[in-house]
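Colleague: I am new to reading protein models. Could you take me through one, feature by feature?

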Amino acid sequence: MAVIGIDPLVAQNLLEQGNVVAIPTETVYGLAANVYNEIAVSKIFSIKQRPLSNPLIVHISSLAQIHQVISHFPPLAERLAMHYWPGALTLLLNKRSKIPDLVTAGSVKVAVRIPNHPLTLQLLKNLDFPLAAPSANPFGYISPTTPEHVHEQLGSQIPYILNGGACTIGIESTIVGFEDEKIIIYRLGGVSIESIEQIVGPVTIHNPVKHLPKSIVTPGNFIQHYSPTKPLKIGPIPALLATYGHQKIGILGFDKYYEGVNEQQQVLLTPSGSLKEAAHNLFTALRQLDQMPIDMILSTYVPETDLGRAINDRLMRASAHRA
Ligand code: TXA
Ligand code: MG
(Lines give C-alpha, C1' and ligand atoms only; values in the text may rest on other atoms or scores of the structure.)
(Ligands and ions follow the chains in the order given, each with its own letter.)
Protein backbone atom coordinates (compact mmCIF):
# COMPACT_ATOMS: atom_id res chain seq x y z
CA MET A 1 0.00 0.00 0.00
CA ALA A 2 1.28 3.45 -0.89
CA VAL A 3 2.80 5.59 1.83
CA ILE A 4 1.65 9.21 1.70
CA GLY A 5 4.69 11.31 2.66
CA ILE A 6 6.26 14.72 2.23
CA ASP A 7 9.87 13.71 1.49
CA PRO A 8 11.06 14.36 -2.08
CA LEU A 9 14.18 12.27 -1.30
CA VAL A 10 12.06 9.15 -0.81
CA ALA A 11 10.32 9.86 -4.12
CA GLN A 12 13.72 10.43 -5.76
CA ASN A 13 15.15 7.10 -4.58
CA LEU A 14 12.09 5.18 -5.74
CA LEU A 15 12.09 6.90 -9.15
CA GLU A 16 15.82 6.26 -9.59
CA GLN A 17 15.14 2.55 -8.97
CA GLY A 18 12.54 2.46 -11.74
CA ASN A 19 9.40 2.76 -9.63
CA VAL A 20 6.26 4.76 -10.34
CA VAL A 21 5.46 7.49 -7.79
CA ALA A 22 2.54 9.92 -7.53
CA ILE A 23 3.60 13.57 -7.50
CA PRO A 24 1.74 16.80 -6.77
CA THR A 25 1.43 19.56 -9.34
CA GLU A 26 -0.59 22.76 -9.32
CA THR A 27 -3.08 21.21 -11.78
CA VAL A 28 -3.72 17.59 -10.78
CA TYR A 29 -1.61 14.78 -9.24
CA GLY A 30 0.65 12.96 -11.70
CA LEU A 31 1.75 9.32 -11.90
CA ALA A 32 5.45 9.70 -12.61
CA ALA A 33 8.34 7.62 -13.92
CA ASN A 34 11.82 8.18 -15.39
CA VAL A 35 11.12 9.22 -18.98
CA TYR A 36 14.15 7.24 -20.25
CA ASN A 37 13.24 3.99 -18.43
CA GLU A 38 10.78 2.19 -20.70
CA ILE A 39 10.01 -0.51 -18.17
CA ALA A 40 9.09 2.14 -15.60
CA VAL A 41 7.05 4.06 -18.19
CA SER A 42 5.19 0.93 -19.22
CA LYS A 43 4.19 0.45 -15.57
CA ILE A 44 2.36 3.81 -15.76
CA PHE A 45 0.22 2.50 -18.62
CA SER A 46 -0.60 -0.74 -16.85
CA ILE A 47 -1.36 0.89 -13.47
CA LYS A 48 -3.73 3.38 -15.14
CA GLN A 49 -5.04 0.79 -17.62
CA ARG A 50 -4.34 3.41 -20.22
CA PRO A 51 -4.14 2.53 -23.92
CA LEU A 52 -0.60 2.73 -25.30
CA SER A 53 -1.98 5.03 -28.01
CA ASN A 54 -2.43 7.84 -25.46
CA PRO A 55 0.90 9.64 -24.95
CA LEU A 56 2.32 11.11 -21.72
CA ILE A 57 3.40 14.62 -20.75
CA VAL A 58 7.09 15.09 -19.93
CA HIS A 59 7.83 17.23 -16.87
CA ILE A 60 11.07 19.21 -16.57
CA SER A 61 12.44 21.61 -13.95
CA SER A 62 13.86 24.47 -16.01
CA LEU A 63 13.84 26.11 -19.41
CA ALA A 64 17.47 25.09 -19.84
CA GLN A 65 16.46 21.43 -19.61
CA ILE A 66 13.99 21.65 -22.49
CA HIS A 67 16.70 21.03 -25.07
CA GLN A 68 17.18 17.53 -23.64
CA VAL A 69 13.58 16.82 -24.66
CA ILE A 70 12.91 18.77 -27.87
CA SER A 71 14.92 19.32 -31.04
CA HIS A 72 13.64 22.78 -31.92
CA PHE A 73 12.15 25.59 -29.82
CA PRO A 74 10.07 27.88 -32.07
CA PRO A 75 10.07 31.55 -30.98
CA LEU A 76 6.31 31.57 -30.30
CA ALA A 77 6.62 28.52 -28.06
CA GLU A 78 9.51 30.11 -26.24
CA ARG A 79 7.48 33.25 -25.67
CA LEU A 80 4.67 31.24 -24.10
CA ALA A 81 7.11 29.20 -22.02
CA MET A 82 8.83 32.33 -20.72
CA HIS A 83 5.49 33.78 -19.76
CA TYR A 84 3.76 30.80 -18.16
CA TRP A 85 6.41 28.41 -16.83
CA PRO A 86 6.44 27.07 -14.27
CA GLY A 87 2.70 26.71 -14.83
CA ALA A 88 -0.36 25.04 -16.28
CA LEU A 89 0.74 25.19 -19.91
CA THR A 90 1.93 22.17 -21.91
CA LEU A 91 3.72 22.68 -25.23
CA LEU A 92 3.61 20.14 -28.04
CA LEU A 93 6.97 20.27 -29.85
CA ASN A 94 9.30 18.10 -31.96
CA LYS A 95 10.95 15.50 -29.78
CA ARG A 96 14.57 14.45 -29.55
CA SER A 97 15.17 10.85 -30.56
CA LYS A 98 16.29 10.10 -26.99
CA ILE A 99 12.66 10.41 -25.81
CA PRO A 100 11.21 6.89 -26.15
CA ASP A 101 8.38 6.35 -28.66
CA LEU A 102 6.47 4.72 -25.82
CA VAL A 103 6.17 8.14 -24.14
CA THR A 104 4.81 9.88 -27.25
CA ALA A 105 2.79 6.92 -28.58
CA GLY A 106 4.98 6.93 -31.67
CA SER A 107 4.49 10.62 -32.44
CA VAL A 108 7.39 12.88 -33.42
CA LYS A 109 5.89 15.47 -31.06
CA VAL A 110 6.38 15.45 -27.33
CA ALA A 111 4.21 17.26 -24.77
CA VAL A 112 6.34 19.10 -22.20
CA ARG A 113 5.83 21.42 -19.24
CA ILE A 114 7.40 22.78 -16.06
CA PRO A 115 4.90 22.19 -13.25
CA ASN A 116 4.47 24.84 -10.57
CA HIS A 117 4.68 23.00 -7.30
CA PRO A 118 7.59 23.52 -4.89
CA LEU A 119 7.97 19.85 -3.85
CA THR A 120 7.86 18.53 -7.40
CA LEU A 121 10.19 21.25 -8.68
CA GLN A 122 12.67 20.30 -5.97
CA LEU A 123 12.30 16.63 -6.90
CA LEU A 124 12.80 17.35 -10.62
CA LYS A 125 15.91 19.46 -9.88
CA ASN A 126 17.45 16.60 -7.91
CA LEU A 127 16.76 13.99 -10.58
CA ASP A 128 19.00 13.63 -13.60
CA PHE A 129 16.07 12.72 -15.85
CA PRO A 130 12.68 14.32 -16.66
CA LEU A 131 9.48 12.65 -15.48
CA ALA A 132 6.81 11.25 -17.76
CA ALA A 133 3.50 11.69 -15.94
CA PRO A 134 -0.16 11.46 -16.84
CA SER A 135 -2.84 12.32 -14.29
CA ALA A 136 -2.84 9.79 -11.42
CA ASN A 137 -6.31 8.30 -11.99
CA PRO A 138 -7.55 5.09 -13.58
CA PHE A 139 -8.04 5.73 -17.30
CA GLY A 140 -11.28 7.61 -17.97
CA TYR A 141 -12.09 8.39 -14.33
CA ILE A 142 -12.09 11.75 -12.53
CA SER A 143 -8.60 13.27 -12.14
CA PRO A 144 -7.10 13.42 -8.62
CA THR A 145 -6.51 16.75 -6.89
CA THR A 146 -5.53 15.48 -3.43
CA PRO A 147 -3.17 12.72 -2.23
CA GLU A 148 -6.21 10.93 -0.79
CA HIS A 149 -7.85 10.79 -4.24
CA VAL A 150 -4.74 9.01 -5.56
CA HIS A 151 -4.57 6.70 -2.56
CA GLU A 152 -8.21 5.64 -2.88
CA GLN A 153 -7.78 4.43 -6.42
CA LEU A 154 -4.15 3.59 -7.09
CA GLY A 155 -2.80 3.22 -3.55
CA SER A 156 -2.44 -0.54 -3.81
CA GLN A 157 -0.33 -0.30 -6.96
CA ILE A 158 2.34 2.28 -6.12
CA PRO A 159 4.82 2.59 -3.25
CA TYR A 160 4.68 6.34 -2.57
CA ILE A 161 2.50 9.41 -2.97
CA LEU A 162 4.39 12.66 -2.51
CA ASN A 163 2.01 14.80 -0.48
CA GLY A 164 1.83 18.36 -1.73
CA GLY A 165 -1.66 19.08 -0.41
CA ALA A 166 -4.63 19.97 -2.57
CA CYS A 167 -3.77 21.13 -6.10
CA THR A 168 -4.18 24.90 -6.27
CA ILE A 169 -5.59 25.10 -9.82
CA GLY A 170 -7.43 21.76 -9.83
CA ILE A 171 -7.83 21.29 -13.58
CA GLU A 172 -5.25 19.94 -16.06
CA SER A 173 -2.81 22.05 -18.06
CA THR A 174 -3.73 23.74 -21.32
CA ILE A 175 -2.08 21.93 -24.25
CA VAL A 176 -0.76 24.13 -27.07
CA GLY A 177 0.72 23.09 -30.40
CA PHE A 178 2.05 24.92 -33.46
CA GLU A 179 1.22 24.30 -37.11
CA ASP A 180 2.30 26.55 -40.01
CA GLU A 181 2.58 29.62 -37.79
CA LYS A 182 -0.82 28.80 -36.28
CA ILE A 183 -1.33 28.20 -32.59
CA ILE A 184 -3.61 25.27 -31.84
CA ILE A 185 -5.19 24.56 -28.47
CA TYR A 186 -5.43 20.76 -28.10
CA ARG A 187 -6.87 20.81 -24.59
CA LEU A 188 -8.49 23.63 -22.63
CA GLY A 189 -7.02 23.87 -19.16
CA GLY A 190 -5.59 25.87 -16.31
CA VAL A 191 -4.29 28.72 -18.51
CA SER A 192 -7.20 30.43 -20.26
CA ILE A 193 -7.48 31.07 -23.99
CA GLU A 194 -8.12 34.73 -23.22
CA SER A 195 -4.80 34.92 -21.40
CA ILE A 196 -2.86 33.12 -24.18
CA GLU A 197 -4.40 35.35 -26.85
CA GLN A 198 -3.15 38.41 -25.01
CA ILE A 199 0.39 37.13 -25.45
CA VAL A 200 0.35 35.63 -28.95
CA GLY A 201 -2.87 36.74 -30.66
CA PRO A 202 -5.74 34.58 -31.97
CA VAL A 203 -5.58 30.80 -31.53
CA THR A 204 -7.52 27.87 -33.00
CA ILE A 205 -9.25 25.36 -30.75
CA HIS A 206 -8.76 21.79 -32.01
CA ASN A 207 -11.89 19.62 -32.01
CA PRO A 208 -14.00 21.31 -29.37
CA VAL A 209 -15.94 18.55 -27.68
CA LYS A 210 -19.40 19.69 -28.79
CA HIS A 211 -18.49 19.14 -32.44
CA LEU A 212 -17.25 15.60 -31.97
CA PRO A 213 -19.43 12.56 -32.51
CA LYS A 214 -19.29 10.41 -29.41
CA SER A 215 -17.40 7.52 -30.93
CA ILE A 216 -14.45 9.43 -32.37
CA VAL A 217 -11.16 9.33 -30.58
CA THR A 218 -8.29 11.66 -31.43
CA PRO A 219 -4.91 11.38 -29.75
CA GLY A 220 -5.03 13.34 -26.56
CA ASN A 221 -8.75 13.97 -26.72
CA PHE A 222 -10.71 10.93 -25.70
CA ILE A 223 -14.25 12.16 -25.75
CA GLN A 224 -15.36 10.13 -22.75
CA HIS A 225 -13.09 11.15 -19.95
CA TYR A 226 -12.95 12.57 -16.43
CA SER A 227 -16.09 10.57 -15.68
CA PRO A 228 -17.84 9.63 -12.49
CA THR A 229 -19.32 6.11 -12.43
CA LYS A 230 -22.82 7.60 -12.20
CA PRO A 231 -24.56 9.10 -15.22
CA LEU A 232 -24.06 12.85 -15.48
CA LYS A 233 -26.49 15.20 -17.29
CA ILE A 234 -25.61 18.83 -17.91
CA GLY A 235 -27.94 21.76 -18.60
CA PRO A 236 -30.22 24.24 -16.88
CA ILE A 237 -31.08 22.55 -13.57
CA PRO A 238 -34.84 23.37 -13.58
CA ALA A 239 -35.18 21.71 -17.01
CA LEU A 240 -33.13 18.70 -15.90
CA LEU A 241 -35.24 18.42 -12.75
CA ALA A 242 -38.39 18.40 -14.87
CA THR A 243 -37.06 15.35 -16.72
CA TYR A 244 -35.07 13.47 -14.08
CA GLY A 245 -36.44 14.88 -10.79
CA HIS A 246 -38.36 11.70 -10.00
CA GLN A 247 -35.09 9.73 -9.71
CA LYS A 248 -32.53 9.80 -6.88
CA ILE A 249 -30.46 12.72 -8.12
CA GLY A 250 -27.65 14.89 -6.82
CA ILE A 251 -26.91 18.38 -8.11
CA LEU A 252 -23.60 20.01 -9.03
CA GLY A 253 -24.41 23.71 -8.79
CA PHE A 254 -22.32 26.75 -9.63
CA ASP A 255 -22.97 29.31 -6.89
CA LYS A 256 -26.47 28.69 -5.57
CA TYR A 257 -28.64 25.92 -4.19
CA TYR A 258 -31.83 24.95 -6.00
CA GLU A 259 -35.18 24.82 -4.25
CA GLY A 260 -37.09 21.59 -3.91
CA VAL A 261 -33.99 19.40 -3.55
CA ASN A 262 -32.38 18.60 -0.20
CA GLU A 263 -29.19 20.69 0.21
CA GLN A 264 -27.38 17.50 1.35
CA GLN A 265 -27.72 16.28 -2.23
CA GLN A 266 -26.29 19.47 -3.72
CA VAL A 267 -22.63 20.45 -4.07
CA LEU A 268 -21.71 24.02 -4.99
CA LEU A 269 -18.57 24.67 -7.02
CA THR A 270 -18.15 28.18 -5.72
CA PRO A 271 -20.44 29.92 -3.24
CA SER A 272 -18.68 33.19 -4.14
CA GLY A 273 -19.16 32.81 -7.92
CA SER A 274 -15.44 32.60 -8.75
CA LEU A 275 -14.40 30.49 -11.77
CA LYS A 276 -10.99 29.96 -10.19
CA GLU A 277 -12.59 28.50 -7.10
CA ALA A 278 -14.94 26.43 -9.26
CA ALA A 279 -11.99 24.89 -11.15
CA HIS A 280 -10.23 24.18 -7.87
CA ASN A 281 -13.30 22.34 -6.52
CA LEU A 282 -14.55 20.63 -9.70
CA PHE A 283 -13.02 17.15 -9.45
CA THR A 284 -13.50 16.88 -5.67
CA ALA A 285 -17.16 17.87 -6.12
CA LEU A 286 -17.66 15.22 -8.82
CA ARG A 287 -16.11 12.58 -6.56
CA GLN A 288 -18.31 13.67 -3.66
CA LEU A 289 -21.42 13.32 -5.80
CA ASP A 290 -20.22 10.00 -7.20
CA GLN A 291 -20.04 8.65 -3.63
CA MET A 292 -23.51 9.86 -2.59
CA PRO A 293 -26.42 7.39 -2.45
CA ILE A 294 -27.90 8.75 -5.68
CA ASP A 295 -28.51 7.33 -9.16
CA MET A 296 -27.67 10.31 -11.30
CA ILE A 297 -25.78 13.62 -11.18
CA LEU A 298 -27.33 16.76 -12.65
CA SER A 299 -24.93 19.61 -13.35
CA THR A 300 -25.29 23.14 -14.55
CA TYR A 301 -22.87 24.60 -17.10
CA VAL A 302 -20.70 27.37 -15.68
CA PRO A 303 -20.18 30.73 -17.45
CA GLU A 304 -18.35 29.99 -20.76
CA THR A 305 -15.45 32.37 -20.20
CA ASP A 306 -11.85 32.06 -18.89
CA LEU A 307 -11.48 28.92 -16.76
CA GLY A 308 -15.20 28.31 -17.22
CA ARG A 309 -14.47 27.02 -20.72
CA ALA A 310 -12.15 24.33 -19.39
CA ILE A 311 -14.67 23.45 -16.67
CA ASN A 312 -17.48 23.06 -19.23
CA ASP A 313 -15.16 20.98 -21.43
CA ARG A 314 -14.49 18.58 -18.53
CA LEU A 315 -18.20 18.40 -17.67
CA MET A 316 -19.11 17.58 -21.29
CA ARG A 317 -16.48 14.84 -21.51
CA ALA A 318 -17.52 13.50 -18.11
CA SER A 319 -21.11 13.24 -19.33
CA ALA A 320 -20.30 11.54 -22.65
CA HIS A 321 -21.32 7.91 -22.93
CA ARG A 322 -18.67 5.30 -22.33
CA ALA A 323 -17.47 3.67 -25.52
O1 TXA B 1 -1.90 19.17 -15.89
C2 TXA B 1 -1.50 18.21 -16.53
O3 TXA B 1 -1.22 18.27 -17.73
C4 TXA B 1 -1.34 16.88 -15.76
C5 TXA B 1 -0.18 17.02 -14.78
C6 TXA B 1 0.14 15.72 -14.07
O7 TXA B 1 0.93 17.52 -15.46
N8 TXA B 1 -1.12 15.80 -16.67
C9 TXA B 1 -2.10 15.33 -17.46
O10 TXA B 1 -1.71 14.21 -18.17
O11 TXA B 1 -3.20 15.81 -17.52
P12 TXA B 1 -2.76 13.28 -18.94
O13 TXA B 1 -1.93 12.17 -19.46
O14 TXA B 1 -3.87 12.94 -18.05
O15 TXA B 1 -3.22 14.16 -20.12
C16 TXA B 1 -2.27 14.52 -21.08
C17 TXA B 1 -2.89 14.71 -22.39
C18 TXA B 1 -3.45 13.43 -22.93
O19 TXA B 1 -4.75 13.69 -23.41
C20 TXA B 1 -2.48 13.05 -24.03
O21 TXA B 1 -3.10 12.37 -25.08
C22 TXA B 1 -1.96 14.42 -24.48
O23 TXA B 1 -1.88 15.14 -23.28
N24 TXA B 1 -0.61 14.26 -25.01
C25 TXA B 1 0.51 13.92 -24.35
N26 TXA B 1 1.57 13.79 -25.17
C27 TXA B 1 1.10 14.06 -26.40
C28 TXA B 1 1.67 14.05 -27.71
N29 TXA B 1 2.95 13.74 -27.89
N30 TXA B 1 0.86 14.36 -28.76
C31 TXA B 1 -0.45 14.66 -28.58
N32 TXA B 1 -1.06 14.66 -27.38
C33 TXA B 1 -0.30 14.37 -26.30
MG1 MG C 1 -5.74 12.55 -17.49
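Modeller: Start with burial. A residue is called exposed when its relative accessible area is over 50%, buried when it is under 20%, and partly exposed in between. Keep in mind that this is a predicted model. Now take D180. Its relative accessible area is 76%, so D180 is exposed.

Colleague: Where is D180 in the chain?

Modeller: D180 sits in the loop between β9 (174–179) and β10 (182–187). Look at its backbone too. D180 has a phi near 45°, which is positive although the residue is not glycine.

Colleague: Which other residue has a positive phi of about 45° although it is not a glycine?

Modeller: D306 has one. D306 belongs to the loop between β17 and α10. Its relative accessible area is 37%, so D306 is partly exposed.

Colleague: And T300, is that buried or exposed?

Modeller: T300 has a relative accessible area of 12%, which is under 20%, so T300 is buried. T300 lies in the loop between β17 (296–299) and α10 (307–319).

Colleague: What is T300 in contact with, beyond its neighbours within four places in sequence?

Modeller: Contact means heavy atoms within 4.5 Å. With those neighbours set aside, T300 touches I234, G235, I237, L252, G253, F254, Y258 and L315.

Colleague: Let us step back. How many helices and strands does the protein chain have?

Modeller: Ten helices and 17 strands. The radius of gyration is 19 Å, close to the 20 Å that the globule rule gives for 323 residues, so the chain is as compact as a globular protein of that length. Its C-alpha atoms fill a box of roughly 60 × 45 × 35 Å along the principal axes.

Colleague: What share of the residues is buried?

Modeller: Buried residues make up 57% of the 323.

Colleague: Into which domains is the chain divided?

Modeller: Domain 1 covers 3–210, and domain 2 covers 232–319. The contact between them takes 27 residues from domain 1 and 20 residues from domain 2. The domain centres, taken over C-alpha atoms, are separated by 27 Å.

Colleague: How do I read contacts along the sequence?

Modeller: Ask how far apart the partners are in sequence. Take contacts in this chain between residues at least 6 apart. Of these, 67% join residues at least 24 apart. N13 and L127 show a pairing across the sequence. They are 114 residues apart along the chain, yet their C-alpha atoms are separated by 9.3 Å. N13 is in helix α1 (residues 8–16). At 42% relative accessibility, N13 is partly exposed.

Colleague: How should I read a helix?

Modeller: An α-helix has 3.6 residues a turn, so residues three or four places apart point the same way. Now look at α5 (residues 118–126). L119, T120, L121, L123 and L124 are buried there.

Colleague: What covers the buried residues of α5?

Modeller: The cover includes α1, β2 (21–23), β4, β7 (131–132) and β8 (160–162). Next, look at S61. S61 is in the loop between β4 (57–59) and α3 (75–84). Its relative accessible area is 13%, so S61 is buried. Beyond its neighbours within four places, S61 is in contact with I114, L121, L124 and K125.

Colleague: Can we try one more helix residue?

Modeller: Take I193, in helix α7 (residues 193–200). At 4% relative accessibility, I193 counts as buried. Leaving aside neighbours within four places in sequence, I193 contacts I185, L188, V203, I205 and R309. I193 and I205 are twelve residues apart along the chain, and their C-alpha atoms are separated by 9.0 Å.

Colleague: Which residues does the cis peptide bond join?

Modeller: It joins W85 and P86, with omega at about -5°. P86 lies in the loop between α3 and β5 (89–94).

Terms used: Residues numbered from 1 in each chain as written. Chains lettered and ligands numbered in written order. Predicted model: local features only at pLDDT ≥ 70, side-chain atom pairs only at ≥ 80, totals over all residues. Heavy atoms only, no water. Helix = DSSP H or I, 4+ residues; strand = E, 2+ residues; numbered from the N terminus. Rg over C-alpha atoms; globule rule 2.2 N^0.38 Å. Buried < 20%, exposed > 50% of the residue type's maximum accessible area, 1.4 Å probe, protein only. Domains from an automatic or database assignment.
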